[in-house]
Amino acid sequence: MGLAVGHGTGPELADVFERVLNAFASGRPDGAGGPGVDVIRSPRLYHSYVSLRRGHDVAATQRLTAEDAEHYEAWCRELAGRGTTAVFRTAINAQSLYLVRRRLRAVKVDLLTADGRSLLLVRDQAQGFYTGENTHTPGEVTRTLTFSHEITGAVVEHALERARRTWPDGRIGRIVMAYKFHLLDGAFDAWVADLSERLGVRIEVFQPDTVNRNLLAHGLPDRTLLIAGNEWADIMHVMLLDRYGSDRQENRCTENGCLDPALRGLVEYQTVHGSADDLAGRDLVNPVATVRAAALVAEHHAGCPGAVAATEAALAVLDERGVRTPDLGGRHSTSDVVDALIDTLDVPGPGSVPRDAVLVGGP
């Protein structure tokens, strides 16, 4: 699998990821004694927004942003060509990242559950304002962006595929799209009407402010598939986590899939939080989201069934003991939390089942 590391706390979290992944892949908490996982690190340390701003003018920022994007895209394509199925990436500069996401036609998927309801959020990262490119003239920046019928259709089809995998009985409560469609001369809603007819499903398109109003007034029914433009979804993700996820942004990881046919098998995992440059080198960054990403990779890509459940059980034990980093009100370092977690884990190795079924929620 691949590992891409950015500035800020990226190197620290990359080490956390490898420790936890190897504990599962080897079948031992100390990460030794088994075949492990072949982790291929990108040779480039990618910029965060803070590192780009440090001592670089606009022209240098443009150049480094483009270089990071070109390198990361090429590296992902190389991995996919070799049959790699997963990449874990620490936070990097968003402008570079969204250039790559446009080129690879990426979508972000997050399943949020609370009080017996579930919401599947699919963020369209392949088109729109976030994926635009800049032209500079003195005192002015012009940003050019694109929406297309083809990409909209690919995003909707992927979202429906994920919804049917998430809810295998096939029942989807509602399909809602939140886009600024009123700025596109009626083209976007015509595309969606065409997709709705072709795919045989009812798709409702709303302005983001209407979706916000409905969320506040009524909530959304169980099994809502929410497909959203990144302009809104990026900002609203934290609120949706609060409403549906019962979790803090700092503890959350998500996955990104690529709709480019050459990368269809590659999934990128990331933390929801940013690079936290102010904490770099202090051993204080919250590792929970990275730990969860390692468990997902172990279970879905390294043949370690039970890894996610075992991790959640261990995190619950740590929470009961008050083992937390300062951002969560604790007094423990990153290393303290990870050491305690690995000591607590009941590690299901590759191809095995957890040794203690009760610990991971079994009968």
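Start by selecting Val288, Val291, Arg292, Ala295, Leu296, Ala298 and Glu299 in H9; they meet Ala307, Val308, Ala309, Thr311, Glu312 and Leu315 in H10. Contact here means heavy atoms within 4.5 Å. By class, this contact has nine nonpolar, one polar and three charged residues. This is a predicted model: local features need pLDDT of at least 70, side-chain atom pairs count only at pLDDT 80 or more, and totals for chains, interfaces and linings use all residues. Residues are numbered from 1 along each chain as its sequence is written, and side-chain values use heavy atoms, with hydrogens and water left out.

Now show both helices whole. H9 is residues 288-301 and H10 is residues 307-321; their axes come within 8 Å and cross at roughly 155°. H9 and H10 are therefore roughly antiparallel (angles over 145 degrees).

The axes of H10 and H11 come within 9 Å and cross at roughly 125°. That makes H10 oblique to H11. Select Ala314, Leu315, Val317, Leu318 and Arg321 in H10; they meet Val337, Ala340, Leu341 and Thr344 in H11. This contact has seven nonpolar, one polar and one charged residues.

Last stop: H5, residues 149-166. At 1.5 Å a residue, its 18 residues should span 26 Å, and the end C-alpha atoms are 26 Å apart, which agrees. Colour the buried residues (under 20% relative accessible area, 1.4 Å probe, protein chains only); among them are Ile151, Val155, His158 and Arg162. The buried residues of H5 pack against strands S4 (106-114), S5 (117-124), S8 (174-178), S10 (224-229) and S11 (253-258), and against helix H6 (187-199).

Note on methods:
Helix = DSSP H or I, 4+ residues; strand = E, 2+ residues; numbered from the N terminus. Expected span 1.5 Å × (residues − 1). Buried < 20%, exposed > 50% of the residue type's maximum accessible area, 1.4 Å probe, protein only. Axes fitted to C-alpha atoms, helices over the stretch in contact; angles between N-to-C directions. Parallel < 35°, antiparallel > 145°, perpendicular 65-115°, else oblique. Nonpolar A, V, L, I, M, F, W, Y, C, P; charged D, E, K, R; others polar.
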